[in-house]
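Here is a short report for a reader new to this structure.

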Amino acid sequence: YYFFLCGGWVEARNSRGNVGLVPEDYIEVKNTLIICFVFDFTSLYRALDEIGTFSLFSSVYSFDEEWDDDSDDGKSTVGYGGSQMEEGGTMQRGGGHSTMKISLNKFPGFSKTPNPEVYLLTKSIAKGNDKLPIYAGEVGPVWLYPQIQLDCVVADPKKGSKMYGLKSYIEYQITPNTTNRPVNHRYKHFDWLYERLVEKFACALPIPCLPDKQVTGRFEEEFIQMRMERLQGWMSRMCRHPVISNSDVFQLFLNYRDEKEWKLGKRKTEKDEIVGVKIFSTIDPELPELDPGQVEQKYEMYSQFTRSMDNSVKELLAVGHLHWKRCTGPLQKEYRQIGKAFQNLSSVFNTSAYPSRKLDATGKTYEEIAELVAGQPKKDLHFLMETNNEYKGLLGCFPDTVAVHKAAIDKVKEADHLVTMNKVSQQDKHIMEKNLSTMSYALQAEMNHFHSNRIYDYNRLMQFYLEEQVKFYETIAEKLKKALGQYTTI
């Protein structure tokens, strides 16, 4: 079949079933049904989504690459004044106008818990560079951390286009500290990286989602800056993880030299077979084996902790959202009304003994305070909300990750019954228990990594937030002192 699009391009399927876009001149049209689309691409997305064929169309453009999608799932959000509250006090980023939502992330979470049996009965572990060691640290089991901490800078967003200008996108420059050589990536490349990381590591490591996608307003300067800031936060978190930062796919993303190396690396990564629960087969804890009872105890402790912190983070986001709205709404209005009242009062005090300028100046002081109140959330609360949004996303990944461990614990509990039914041998049962111990050490190492990061993040965040709050109230105090200085004791 053929779908003729504007710009001289045709969507076609070849004899092998591959679908992609090819130049119109390359097609010889015989007796066939031709469907012409004459509307814009936003309308095309909407129409295809409504009839349930967007997933087919999203895979086209070329036979080697997926559809160049830079559209975004959700609404434009800059700040939190226009955010919407979901049930349970959680916050949904949203803008001021409605847009069509299209879910393009292929791995927002597991559709079902992966079967741990694939790993539990594995007898061999990976060797060499594929091995992920776990050591006994001061706080318990820990991953092997690199001597030099990887970091990168996401900067210099530029707008590009293709398909005769019909397809526009934003490209970001990413510069790692290990090479200081910048590479360029579009949002769809970040999305590809996210999918690969989830596919490979999500059974063992929580992989937070990327910043929200959106359809409209994505080329506005304010949105581009906000997205870049959030991509920077996501990349920094990935760089700080010793397993992710050292993985082949992440190193490819940061260090490819040319388009050929990028495409070859992508194909190699997409053929990786060590994915899902098989990632545990690469983990090598140099620690004594845990019995299943100890494993279950650790699981229950971490499961309870992540639920508790998730609730606390959501509560802080809800309170912060309401405070932001109050600062830019009722509170700002109240200070303006106070200022206006003082200025109106000044008109009846216009005498030589008590000139009106004093009250008028006081009124203007309160108007200035009103503007300070409205602008302060962008200076301090914004960063508090952004960090908590990151942790909300990160904590939201833990239920899927710990569910894999719960399923493994249940399987091992069934081992005695399976032995009596001759479905597994005593040796297989021991292998299952040993592998369950390895899974537990991976969870412990990951939780210790999470704890060290949250202590660092929140300590730095609260220092910054309180410093900005002190500056804010000191500025208000100085303005009030200046207004007070105009009045003498009678």
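## The second largest pocket

The second largest pocket holds about 880 Å³ of space. In this predicted model, 31 residues line that pocket. Closest to its centre are N129, D130, N246, S247 and D248.

Several elements give two or more residues to this lining: strand β7 (132-137) and the helices α4 (187-201), α6 (242-245), α7 (248-255) and α8 (259-270). Sorted by class, the lining has 15 nonpolar residues, nine polar ones and seven charged ones.

## A three-stranded sheet

Strand β7 also belongs to an open sheet of three strands. The order is β8-β7-β12, and the pairing is mixed. β8 (140-143) and β12 (283-285) are the edge strands; each has a single partner, so one side of each lacks a neighbour in the sheet. On average, neighbouring strands are turned by 30° against each other, direction ignored.

How do β7 and β12 pair, and over how many bridges? They run in the parallel sense, over three bridges. L132 stands opposite I283, a residue of β12. In general, strands of a sheet pair through backbone hydrogen bonds, either parallel or antiparallel.

Helix α15 covers residues 426-484. This helix lies across β7, β8 and β12. Its direction is at about 80° to β8.

The largest cavity holds about 120 Å³ of space.

Which residues line the largest cavity? They are P206, P208, R237, M238, H241, I244, L394, F398, E446, H449, F450 and N453. Helix α15 gives the most, with four residues. By class, the cavity lining has seven nonpolar, three polar and two charged residues.

## Confidence in the model

The protein chain has an average pLDDT of 81. A score of at least 70 is reached by 74% of the residues.

Over residues 32-79 the pLDDT stays under 50. The model still has 145 contacts for this stretch beyond four places in sequence. Residues 82-111 also have a pLDDT below 50. That stretch has 77 contacts in the model beyond near neighbours in sequence. Where pLDDT is low, the predicted coordinates should not be read in detail.

Definitions and conventions:
Residues are numbered from 1 along each chain as its sequence is written. This is a predicted model: local features need pLDDT of at least 70, side-chain atom pairs count only at pLDDT 80 or more; totals for chains, interfaces and linings use all residues. Side-chain values use heavy atoms; hydrogens and water are left out. pLDDT is the predictor's confidence in each residue, from 0 to 100. Contact means heavy atoms within 4.5 Å. On a 1 Å grid over the protein atoms alone, a cavity is a set of points where a 1.4 Å probe fits but cannot get out, and a pocket is an open set with protein on both sides within 12 Å along at least five of seven lines; lining residues have an atom within 4 Å of a point. Grid points are joined across faces, edges and corners, and a volume is the space filled by probe spheres set on the points. Ala, Val, Leu, Ile, Met, Phe, Trp, Tyr, Cys and Pro count as nonpolar, Asp, Glu, Lys and Arg as charged, and the others, Gly among them, as polar. Two strands pair if DSSP finds at least two bridges between them. Axes are lines fitted to C-alpha atoms, for helices over the stretch in contact, and angles run from 0 to 180 degrees between N-to-C directions.
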